[in-house]
Amino acid sequence: MSRYPFEYEHSKPFLQQVGEWIADVFYDLLPEAGFEVRDEQIYMAFQLERAFAEKQTIFAEAGVGTGKTLVYLLYAICYARYTRKPAIIACADESLIEQLVKPEGDLAKLTEHLGLAIDARLGKSQDRYLCLVKLDNARTDYEDVDLYKELYEELPAFVHRSEGMQSFYAYGDRKQYPHLNDTQWNRISWDSFQDCFVCEKRHRCGQTLSREHYRQSTDLIICSHDFYMEHVWTYEGRKREGQLPLLPDHCAVVFDEGHLLESAAQKALTYRIKHDIFEELVTRLLKNEIRESLAVLIDEAIERSELLFEVLASQSQSIPGSDRKQIILNDRLLREVALFRKVLDGIEEELVFESELYTLNDYQLRIVEEHLEMMQKALSLFQNSSSLICWVTESTSGLTLVIMPKAVKEVLRERVFALNIPVVFSSATLSVNGSFDYLAYSLGIEKYLSFSVDSPYDYENRMEVLAPKWTHGASFDEKMKTAVQLLARTEGRALILFPSKEELAQFKEALPSYTQCKDISFGFEGDREISHLISAFQQNETSVLCAVSLWEGLDIPGPSLSNVIVWSLPYPPQDPVFMARRQEATSPYEEVDLPYMLLRLKQGIGRLIRTREDSGIVAILSEELHNDRELRDRIQGLLPPGVKFE
């Protein structure tokens, strides 16, 4: 079988031939299969040809319906086969990944209509996998132990055996447990405090087996932004530990919904410190034959860690609407950090002597040293917190100190954009007032190509945008009654977008008292695994989907989605991340809150019209639209040409 989907001539530039073949695909092959010729799609194809040929970064801003996904997939597949390295397709979230890989998704279309055999494999984030250790504990730790006992008994038989495996067997993926809600899943899923390096079950772990599988892909590896940035952040550390990086060497990267990459980078470059994890780690050393001086320092470090987290608890305060607590810095807290770091310095020095005596297991020693190095780095940054965002979270096992860098562009510039490979940012919303400079600056991109193409759809005659007026200031009761009326108008068939989990929960709690909705099926994000929730919404045409995270990426063509209700304007939350950004801004509203809200709102509005035949309404339940003329004008500017508020 030929490596390329066209007859390759060695005398001509490869990417020129790719461009000619892709032109044939969009002008001839796909139209023969019933697809329409889209000038925007062909224009984008020629722009991407240059980016791949020159190994440049490109901002590809293309509206809904331009077919941008098919364009970058074709280039990525051909380029992967030319370089003999897979291309990475990094999506903003799991719902976007699902759009690519589902049976009727874009990869399936290329396979069916072009006869392409595409080797595309999923590299899912670690927290999308079951942790065998946590599942084992969950069988005794929670009230619904029968649920976890059943999951344990359903594990593949090889998990409990020691003999070698003959072939790859996928298991443990979040998608395989759709009946679990998010709370139940979090009790048994991987988290950043799982010490996988010393786990006796790591070679039977679904996550490990999956990693061995996707690394063998010859065309595409599809993952999330979070996972790609985790790869970037852990690349050097994993090499030092003698482990393979999370992703193999690759030829190109596509960031779908690329405007969300910065937040994913910040999340990946985050340090997390927890007392009980530290105590468990260093206590292992006491089980070995070590010198008394080291044992004394370990005991002192545990006491210092306990005291530090006690002070953190007293110096943290809750933030309404957020599960993150703000840290109030004072001299005592900084002094405790300094004292704790001094003891850690002593342990690190003692470990140098211990390593020369060969009394400690080398593998165990390396794990402890890596963890102490991480803690020293994090606490050092904490002492100079002007360039950081810090907060604590609380759980049944205690506080977690989280330290996140404000700017990630230096890391991105060095470890992503300096790799001399094509990097494609694809989204309908990448520019601000026609300029890509804001995104380029925040990501550390110094040189780039760019283009913008509008959506080809007839929005003026297909989309109706409503801004209801209010008698009592858009109270919750008013919003509920209005939402019920809108749902009755379209007989369900609606997506309700909430800016926060709290607002969704309030709506869910109040819904049973509205008998007008008793015959409508509702799906709520968090009750089930997200891709199954989306699939059920699409299949049950008159159902309603209520979500917090589906402002981007949701692609439901046809009558199943005829009504998008924006519960309130999606301003950024009052949490430490955005509080820090506001503190640095000259005009916080203009520089932080408004751009975030407008971008998210534009994405939410874009969920309605997904094909030329689609039509429906968008309702924005906001009092501010009627009280702030300037805000109303800004939001009007987001709407497609010809579409006006009603």
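**Exercise 1: Helix H5**

The model is predicted: local features need pLDDT of at least 70, side-chain atom pairs count only at pLDDT 80 or more, and totals for chains, interfaces and linings use all residues. Residues are numbered from 1 along each chain as its sequence is written, and side-chain values use heavy atoms, with hydrogens and water left out.

Task: determine which residues of helix H5 (residues 106–114) are buried, and state what they pack against.

Solution. Helices (H or I, at least four residues) and strands (E, at least two) are DSSP runs, numbered from the N terminus. Buried means under 20% relative accessible area (1.4 Å probe, protein chains only). In H5, Asp106, Leu107, Leu110 and Leu114 are buried. Seen down the axis of H5, these residues fall within an arc of 110 degrees (taken from the directions from the helix axis to the C-beta atoms), so they line one face of the helix. They pack (heavy atoms within 4.5 Å) against helices H1, H3 and H4 and strands E3 and E4.

**Exercise 2: Helices H12 and H13**

Solution. The axes of H12 (residues 275–286) and H13 (residues 292–314) come within 10 Å and cross at roughly 175 degrees. Axes are lines fitted to C-alpha atoms over the stretch in contact, and angles run from 0 to 180 degrees between N-to-C directions.

Definitions and conventions:
Buried < 20%, exposed > 50% of the residue type's maximum accessible area, 1.4 Å probe, protein only.
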